[in-house]
Amino acid sequence: MLWIWFSTGRVASRRMLKMESLASFQCLCSQIQYFAHDPQGSFSPRYYQKFPDSSNISDDPQSYFSSRIILTPRVVHKTISNCRSDILAFSFFLWCAKQHNYFHDRATLTHMIGIVSRLTQRFRTVKGIVKELEEVGCVIKPQTLMFLLRIYWFGGMYDRVFETFEEILGCGYTPNTFSRNIVMDVLFKIERVEVALRVLKETQVPNFLTYSIAVCNLCKLNDLVNLQDVLNIMLRKSYYPNEETFSVILSCYCKGGRIAEAKQILGLMIVLGVPVSDRVWGILIDGYCKAGNMDAATHLLEKMIESGYSANVVTCTSLIKGFFESQMPSKAFGILDTMESRGCFPDLVLCNVLIDSLSKMGRYEDAINAFFLLREQGLTPDSYTLCSLITTVCLSKQYVELPLLITGFEIQPDLVACNSFLSYFCKAGYPAGAIEFYNDMIDRGFVADKYTFAGLLTGLCRSSRTGEAVKVYHGLVRSHVGLDSHINTVIINGLIKSGKFHKAVSLIKKAASEKSQLDDVSYTIAISGLLTGGQVGEAYALFRQMKEVGLVPSKQTYNQILSGFCKRSDVCMVKDILLQMVDARIEVDHFNLRLMKNLLYRYHRHSASFLTLLTNISNSGILPKEAYNEMINELVHHVNVRNVHAGTFNNLDVGTSSSDETQELAVAVG
């Protein structure tokens, strides 16, 4: 069957737990009688009639409830809440649902989640719960399983939704559209999109809710292809989304950069007479801003105002952020001034945008001034504010300002903000503070992620506690918790900066042999550190290993290796690296070109063949053209001057170089 394909968490055991003895249904009635005499006055007289004697209730309790009590959600919820037996409470809940003109409210359904969850833990399976309901006299009907399905769905117990649906099929009941809608919604939520769409297709009598569930879930998943198909079917069947659903669809298209489709949706809304609210205008403006089309966004704003709407702070935030990202700060500030002149002041989101945008532009003082807007507006910074502020402080290197800035604010940081603090301590030159802060985070119950461990490893290495850092790293390797290329890069960088070159090389070789996640950044940092420490041979070995494991060295990596051998005056290796750069089409930077020029000056014996190589590869495009021509002209002048002083004009002083090398140099210069 189809349902077996997506069933999750099926319970293998069907063993029934022996149910403890239950009081009679009269026990439940006595609960209601007790509430009626509650001195707190739980109910007023209009909510209940006179209760019958308990002797009469025991004869036919349901008939007495039906004839004597006016059910209200408040009465039912209070009764269920005070019932000491979960199975009786559920039985009463089901009985109430069968009463004429009574419907359970959201609060009662929410309360039933806990009851049904406990029953599931106790009786293990849906079949077990059904059997216990029969034991207390509850007649099992399709509605019983439907309520179980609904409660499991409402409570997010998705595996039990599938189990209940299978039970419905197993009992010979035909699932109605509502039950199939629930199953389809759960499939979308666990991202089994193909199966969910199959359920949609196989639903014989789909209704408006069927398509609405599918459309909204596809929007949440940003599945624009399937969204288009389902929306077309929905419209062909004359099921038209309401304003809220249209807004969700518009937002999905705009986030996906599909502005043309979003405009078509807007046109459809207008044709169908769906109100185009300020929210809809804002979504479209935000879409144009994210696409970088600020002219269209501004034009749409004008149309919005012409239609009688005013731009709120949300729409202004989109425009301001868009102008900043488009390098038009003057227009962003113009929007801000217009806002304030109309009495529309920045909220927390806009302040966060200002801090982040100004910081990225290098206007750190302005970013900090934007932070002070929070205090002026009586706003409390959130975690995003903290992260942006910490970034600003670190970029400006004004580390001492952070404690002064956040003093007086009651801030509840999340894990992301805590990780930013770890980075701050390391960059501020106080790595011991990062270690202390990490310990405090763990004590407060935070679960470390890869960025947390990165901060801890950096703090340990910069505190000269490299041994502990390596132990932490090995622990991550064993547990695979938070281990990725970033962590490898951090520990390698930390060890190299601490002078532990051999340990860094050992770790990266071990990581490569165990096929751990290593990227080009990890290798590049290791190679750079080794070259800085004069370990040119080890650096080249890592360079070769990098290529062997399938990673493509970047322009920076190639030039680092080239500069290492230039400084070491290893002309043979310089030639070899140059040929590799030709094959990889990697350009030599100006710094290395100067180093190679110095090699030509100093080492006459290799000058001819080396210069010939440079001349041959000059057409490959890897040498900066103008700098190369300038170098050749300078070399020609240098050679001619030396020959004049030597009194010769047809021979070059190239030391012990052969006549062939001399001719090669002459040809190259000529």
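The following exercises, each with a worked solution, concern selected residues of the structure above.

The model is predicted, so local features need pLDDT of at least 70 and side-chain atom pairs count only at pLDDT 80 or more, while totals for chains, interfaces and linings use all residues. Residues are numbered from 1 along each chain as its sequence is written, and side-chain values use heavy atoms, with hydrogens and water left out.

**Exercise 1.** Determine whether Tyr438 is buried or exposed, and state which residues it touches.

*Solution.* Step 1: Locate the residue. Tyr438 belongs to helix H26, residues 431-443; helices are DSSP runs (H or I, at least four residues) numbered from the N terminus.
Step 2: Apply the cut-offs. Buried means under 20% relative accessible area, exposed over 50%, and partly exposed in between (1.4 Å probe, protein chains only). Tyr438 has 14% relative accessibility and therefore counts as buried.
Step 3: List the contacts, that is, heavy atoms within 4.5 Å. Residues up to four places away in sequence being set aside, Tyr438 touches Leu422, Ala448, Thr452, Phe453 and Leu456.
Step 4: Compare sequence and space. Tyr438 and Leu456 are 18 residues apart in sequence, and their C-alpha atoms are 6.7 Å apart.

**Exercise 2.** Describe the surroundings of Ser420 and classify its accessibility.

*Solution.* Step 1: Ser420 lies in helix H25.
Step 2: Its relative accessible area is 16%, so Ser420 is buried.
Step 3: Apart from neighbours within four places in sequence, Ser420 is in contact with Cys387 and Ile390.

**Exercise 3.** Classify the accessibility of Lys427 and identify the helix that contains it.

*Solution.* Step 1: Lys427 is found in helix H25, which covers residues 415-427.
Step 2: Because its relative accessibility is 47%, Lys427 counts as partly exposed.

**Exercise 4.** Examine the backbone angle phi of Gln327 and of Arg585, and state where each residue lies.

*Solution.* Step 1: Recall the general rule. Most residues other than glycine have a negative phi.
Step 2: Consider Gln327. This residue is not a glycine, yet its phi is positive, about 60°. Gln327 lies in the loop between helix H19 (313-325) and helix H20 (329-341). With 59% relative accessibility, Gln327 counts as exposed.
Step 3: Consider Arg585. Its phi is near 55°, a positive value in a residue other than glycine. The loop between helix H34 (571-584) and helix H35 (590-602) contains Arg585. Arg585 has a relative accessible area of 73% and is therefore exposed.

Definitions and conventions
Helix = DSSP H or I, 4+ residues; strand = E, 2+ residues; numbered from the N terminus.
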